[in-house]
Amino acid sequence: MSPLSKNTKKTNGVPEEFWSSVYEHRADINSSQIEQTNTELNAPVSRLEFLRLMGASMALASFTGCRRPLEHIVPYVKQPEEVIPGIPLHYATTMSIGEDVFGLVVESHEGRPTKIEGNEKHPSNRGKASSLNQASILSLYDPDRSKSVMHDDSTETWMDFISFWREIHTNKKGNKGEGLAILTESFSSPSLIRLKNAFLRDFPKADWVCYEPISNESIYEGITGATGKSFKPVYQYDKAEVIVSLDCDFLLTETDNVINGVNFSKSRDFEKRKKSMNRLYSIESTFSITGSMADHRLPLRCSDIIKFCVALAMELRDQGISIPGLDKIDLNQYRFDHSWLKAIASDLIGAKGKGIVVAGKKQPGFVHALVIAINSGLKNIGKTVRYYEMLHTQSSSNSEFSKLILKMSNSEVDTLVMLGGNPAYNAPTDLNFAKTLKKVQTSIHLSPYFDETSSITNWHIPQSHFLESWGDAASTDGTVSIVQPLIAPLFPSKTTLECLQLICYGTDKNGYGIVRDTWNSSIITNNFEREWRRALHDGLLSRTSAKLPSFTIDAGRLANYFQSQQGLLTKTETGFELVFQSSPSVFDGRFSNNGWLQELPDPITKLMWDNVALISPKTAEEINIDLKKFGSLKTKDYQMIKLSYQGQELDMPVYVIPGLADNSVMVTLGYGRTKSGVIGNKVGFDTYKIRTSGNLYYGSGLKISLTGNTYPLSTSQDYHKMEGRPLIREAIAADFINNQTLTPPLPVAPDLVPLWKNHSYDKSPQWGMSIDLNVCTGCNACVIACQSENNIPVVGKKEAGYGREMHWIRIDRYFTGSESSPKMVKQPVPCMHCENAPCEQVCPVQATNHDKEGLNAMVYNRCIGTRYCANNCPYKVRRFNFYNFTKGGPETRIRGEKPQEIQKMSQNPDVTVRSRGVMEKCTYCIQRINQGKINSKVSGNNLKDGDIKTACQQTCPVGAISFGDIAKEKSNVSKMKQLKRNYVMLGEWHTKPRTSYLGVIRNPNNEIEPVS
């Protein structure tokens, strides 16, 4: 049988075979016949280019030992006492993305922030950070950020705008704000709420509207429908034994995803939980990170999930659970597998008070109200599900936004102030925001870039990055945190607080004074200076979390709400369904000019630098997509389709992913920008053009047709195939408890006799790593953390298409099972640091060698770029600098190699910036190891377990990565390596890797998936 055959064998209920694409799954070939993945064979290089590259390589080899970098040193006029050159300082601050709040700790070198970590004291992320958090450091040093105040295409100053606004302020004060409107993004901030209240008090006839293209509005609508009040849900995944996720990617794209990952991993810890390890059911239209972690996953169209939720509620009722308001819902027929529903309902009832039913923001308020009713009937509220009052929060309202645009079109708004956001780009296409804005006499926009909205306003004001700003924020539980600057504004810019202060009072005041005024009046009641300084140190006030309010379902109100929404169950669906999804990389488009994020492989598709129309294999066959060619490495050109929806049309490349709901097309928002910057302009396709206010997240009636054109795409997964080798091991929980074996069985390593005396690695420290695949979600946080820590450059779409991406750690993604409903597994792959390293044996200049602590080290100045080591590495974890990717900064190559001095400020001074012709790879963050040794020597204390953390380990939200001294039996990494789940990749090759893995443990319901 072919190792890539679509007929999947199983052992103890666990598949033995994996595949990375539909093409590979359907290919009736053996591993030796798969197209070559060697980058040189796929990259078109002319004879002249070859000679030029070889000449440059020889030149580099000649000058390796004598080149000396030119440095410009500017000393302090008076050096601050706390600053010691070469010793970084760390400051706490806060980052907000809409209503999401993240507590951060930022590393600063002589006043230059270079690395972001999570704040362990902050309840929103508990010391962990997402890829968006990590990559925001690069956005700080973006050369494309706005650099001046603009007024009708002329450059002005902040003082000019102050003079202009004071005249308007006087007039609007006189007519109580008639004709004045403020448009903001979502936020959660005590100071912003204070200024908002002051604005509405002084300008009672003015409008204050909040709009976000991706928001929690439907969640709040459902909660209000059930209770009559505004609350925000918090799910305690660490206390849940059974989780039912309804179109909710709570591990990556939903609100509070970082802390959700922290808590979910605790209930997924097999060694600690064993028989009580959580069981996750995921019902979703597209394949998400949350769905990839599910023990059972059901692909359903978005429009069918509401019916599934009703059917589940009815099944719970039939099994004796009282569900409020259910008698007002009529669902006579449903086409769901009753055995599936019965098993899930029984599981939820068996875990009463220890279960969670959760719905995603794409689902309508009806589903969220019903979820509340289900959780109430299961006694989960107050235990695994909590609700907090929305203190200091301004949430988005699409209905209010629509009303504002109507007023603008009727010339009822003469002055519009937009504080952040980019509505000209991301507003629903049927609202015609850009066209309507021209009817407003005075339009003002605060934004970090001169973007699509700023380009059509009268006034543009540059917005400060959060690392340049004073501000505050409040987490979901009410904990108040501080936003403090790490650096003075790099360009003349202002914060939202400073602009709003001027709008409200007509006076100019800095953010520091505004925040202190708020905290002195309402947050800190005693010993202000002492508590203020403590907040600056800790990043938050720990005693400001809100008490749990009284949460009561209004049964009558809920029943009436259900009855008013009954039409959702009888709505006729025609044609294909179109689904809109936020991007894991660029979110709603605000991060589109960040090269780290653009080049970050999508967790599911592994595509870079693009968005596509995702469809299932069955849907692909219906529209005549040739699946025999799809995914082939012989071509990077993919077929284009035309999406016709609600009177709008958009051409996009189509991409086939198994496990998607049939007759559904998923598109990602945030691409196709025109005024983003050099990095983000014209990258991907603008799906906002076909998004309407009536179908913000999904809708039926989509028509698809082939255009006959093709489009090139770049993906990282094609270059690192398994070639039929089982690199991932799995087991079923119940089975593993009894026999302690993983499937497929580990190959028996041959008994080899060494040709020379091997080095004895027995003297502490001996460094090693363990990665727990059972909790790894593949969220990519580790990839960006490594990139930020180790000065890894961006190569661009073309080079990435040749497999030349420079990431030191990659996350492989594989499918198992059927194409219609497969399971997914992920595997982070850094350098293995083999004790018997194949790379070291072939290097002609000993640029790669082993040290006495077990590290596979690289001597960059010795490397001459033969690439023998990369060719001899079975794990394919070495990267080669084909070009000078870092001449002027991390994005040099795609900025045309034009020097961008400001981007150099983002680079870590403790890590060598590599040049062209040099091989590089993961070093276990050797700079952190050495710094830990120095700290230990200075303090006179021995190194303790946990004193040294790699960048990937420190940021990982689920704690999948353990690192430390394997020579110490009591170290955490040693304990991980002693577990029965531990194995090494390709151990039969006798490479003796220092990085090992813990196998995946699945916890299926025996009633749905009987285990033989």
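Modeller: Ile283 stands opposite Leu298 in β14. This is a predicted model, where local features need pLDDT of at least 70, side-chain atom pairs count only at pLDDT 80 or more, and totals for chains, interfaces and linings use all residues. Residues are numbered from 1 along each chain as its sequence is written, and side-chain values use heavy atoms, with hydrogens and water left out.

Biologist: In which sense do β13 and β14 pair, and over how many bridges?
Modeller: Parallel, over 4 bridges, with β14 spanning residues 296-299. Strands are DSSP E runs of at least two residues, numbered from the N terminus, and two of them pair if DSSP finds at least two bridges between them.

Biologist: What about β12 and β13?
Modeller: β12 (residues 242-246) pairs with β13 in the parallel sense over 5 bridges. Ile243 stands opposite Leu280 in β13.

Biologist: Why is β13 largely enclosed?
Modeller: Because 6 of the 6 residues in 279-284 are buried, meaning under 20% relative accessible area with a 1.4 Å probe, protein chains only. Arg279, Tyr281 and Ile283 are buried on one side, and Leu280, Ser282 and Glu284 on the other.

Biologist: Switching to helices. At what angle do α13 and α20 cross?
Modeller: Roughly 145°, with the axes of α13 (residues 365-377) and α20 (residues 555-564) coming within 10 Å. Axes are lines fitted to C-alpha atoms over the stretch in contact, and angles run from 0 to 180 degrees between N-to-C directions. Helices are DSSP H or I runs of at least four residues.

Biologist: Which residues in α13 and α20 meet?
Modeller: Gly365, Phe366, Ala369, Leu370 and Ala373 in α13 meet Leu558, Tyr561 and Phe562 in α20, with contact meaning heavy atoms within 4.5 Å.

Methods:
Buried < 20%, exposed > 50% of the residue type's maximum accessible area, 1.4 Å probe, protein only.
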